[in-house]
Each structure stands twice: as C-alpha cells, then as structure tokens.
Amino acid sequence: MEKRNEIYDIAKGIGIILVVIGHTGIPDYFSNWIYSFHMPLFFWISGTFYKPEKNTNLLILLQRKFNSLIKPYIIFTIIILFLTHAINNNNNLFDYFIINFKYGWSGLALWFIPVLFITEVIYYLLNKYINKYIIYSLLICIALAYLLSTYKIHLPYKLEVVCTSIVFYSLGYLLNNKIKFPWYYLLYFLFINILFTSLNSEKLDLAYNKLGMVIPTYIAAISGILSIVLFSEYYIKLKKNIWSSKILIFLGKNTFIILAFHQIIMMLIISLTSSRMSIVRHLIMWGILFLLIYIINNYFGWILSKSSSKTTIN
C-alpha cells in the first residue's frame, strides 16, 4: 500500500509541477499538451483512492470531505481574498468578500476543490444507488458537459465542470488495479496523447469548461494520465532512493498547499519586485512555497486535518 501511495504521490508531484508551469507564459503547443491531461490526472488519482467501505453513509462522507477539502478551502480562500484585495486595491473589502462567496469565487487554481467535493458526493450516490447503470450515467455526464460547454453555461464555483470531472474520477476508481501495462507502454501512451492533443479543435481547459472535441479530448486525457502513472511506477522502481524521487513524493503529498498559493505568491512577487527574469521569480516562489509547506504542516496541520509533524525530505 505504501508503494502504491508513493507511485501516486510521484504522479501528483509531476502533475502539480505541470500546473505551476501551465500558469506561466509558455508556448501554446506546450500549454496545450499540459492542459490535455493535468487536471483530469488529479480527478483520476482521487478516484483511485475512493473506498466505499469507508463511506458507509452519506453523512460520514460529507464529514470526512468537509474536513479534508472544504475546511482548508475556506481558510485558504479567506487568506487569498485578503491578498488579492490588497494587490488590486479594491475599495470595499466586505463587498469584495460577499460578491466572491455569493456568486462563486473562481479561487484561482482552488476552483478544483469544490468541484472535487461535489464530484465525490455525486459518485458516492451513483455507486451506491445505480451502480449497475454507472456507464450509462457517465455517458449522460459527457453529453451534458458538452451541452454546457457549447452553450457557455457557467454555474457558481465552476460546478459545470463536475460533468467532466466525474468521468475521470470514475475511471480512476473503476480501472484501479484492473489493467497492467509494461513500463515502456508509457511511450505509446505519450505518443497517442500528443497526437490527439494536436488533432483537437480546442485546448482542453477545465477551469473554463472548454472541452474541444469529445473523442480527441478523452483519448488525449486518458493516454496522458496513463503515461504519467506508468512513468511514476517505473521511476520509483528505478530510482527510489535518489533525491529527485523524494522531492516529487514531497510535492505530491503537499499539492493542496501548492495549488492554493502558487499563483497568489507569484502575483505578490511581481507586484513587489522589479525583476523581469522569470527564473528568478520562480525560484523565489518555490522557496516561499517550501517555507509555507513547512509552516502549515508543522504548526497548522489541523487545517488539512492532519496532525502537525516535522516536514522534511528524508
């Protein structure tokens, strides 16, 4: 179990690095490739850790997910809203908060959290009550997602994305340990991912529910996810004790903090410094992120519903 967790920690570590890179000024072809699978990857991995036996009823699920997702989301949101208000010099702080909470704050990259929360709740209900028809339910979700995308229908907190996220979450759960591939298949999957990403009519961007064409989108996303997971399996076998795998595992264990704060930290750096060198800004950002991870995990572990403990890369 520990080895399996480390494999997915490495995959999440790679994924969160790609999230950060994706929010920088990179060429379109590289951005299109990253976006083709990086957010579906996180929904897929979340699905692999779904345990029906731990969620014996809906109330238990809601309690667990409130503590692990919504509580830190609210706390981090308040912090980030204070900082964005200060940077943008908005006039009334109270009105700024009310508008963002009432109509659905996009949350920068934190949009992912309420979407994941609703995804987990809906999947619990599907799995419990209409498990025999789960495939038909997912097909309906895909069709509904494309209707919402085509007609540009947006819901508070980007909940229109749930129709797509639940598909990847479900596949992560349903295919977990069901299919095994040799490590070198990651090259095949990577090739398929790049091919279908290039064939797609539009860049996949879940944050804005831009989905492209259905077949290329799902083939590119699934093949991209499988290539990352296979790479992670191979990497942990080949170089388990080297520093790079430990850093990836460390990042994978702390994706929530990085997801929440990397953009606002970069905004603060840009507003407070005169450096135009992107690499300098990123080094400063990662330094602050590592410090923030240390502080939260060691002194405010209750935010993420885990006991405070020394955070190191051993």
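I take a residue as buried when its relative accessible area is under 20%, and as exposed when that area is over 50%. The model I consulted is predicted.

**Entry 1: helix α9**

I looked up helix α9, which runs over residues 185-199 and has 15 residues. From its first C-alpha to its last, α9 reaches 21 Å, close to the 21 Å expected at 1.5 Å a residue.

I then asked which residues of α9 are buried. I found L186, F189, N193, F196 and T197. These residues lie on the same side of α9, because they cover an arc of only 105° around the axis.

Next I checked what the buried residues of α9 pack against, and I recorded α2 (28-35) and α10 (214-238). On the face of α9 turned away from the buried side, I noted the exposed residues L187, F191 and S198.

**Entry 2: salt bridges**

How many salt bridges does a search of the whole structure find? I recorded three.

I turned to D9 and found its side chain meeting that of K12 in a salt bridge, at 3.8 Å from N to O. Both D9 and K12 lie in helix α1 (residues 2-22), where they are three residues apart, about one turn of the helix.

D9 also forms a salt bridge with K253, and here the closest N and O atoms are 3.1 Å apart. D9 belongs to helix α1 and K253 to helix α11 (residues 243-253), so this pair ties together parts that are 244 residues apart in sequence.

Is D9 buried or exposed? D9 counts as buried, because its relative accessibility is 7% and the cut-off for buried is under 20%.

**Entry 3: K65 and E120**

I looked up the salt bridge in which the side chains of K65 and E120 meet, and noted 3.4 Å from N to O. K65 lies in helix α4 (residues 58-88) and E120 in helix α6 (residues 112-129), so the pair ties together parts that are 55 residues apart in sequence.

I checked the accessibility of each partner in turn. K65 counts as buried at 14% relative accessibility. E120 is buried as well, with a relative accessible area of 5%.

Key
Residues numbered from 1 in each chain as written. Predicted model: local features only at pLDDT ≥ 70, side-chain atom pairs only at ≥ 80, totals over all residues. Heavy atoms only, no water. Salt bridge = Lys/Arg side-chain N within 4 Å of Asp/Glu carboxyl O. Helix = DSSP H or I, 4+ residues; strand = E, 2+ residues; numbered from the N terminus. Buried < 20%, exposed > 50% of the residue type's maximum accessible area, 1.4 Å probe, protein only. Expected span 1.5 Å × (residues − 1). Arc of directions from axis to C-beta. Contact = heavy atoms within 4.5 Å.
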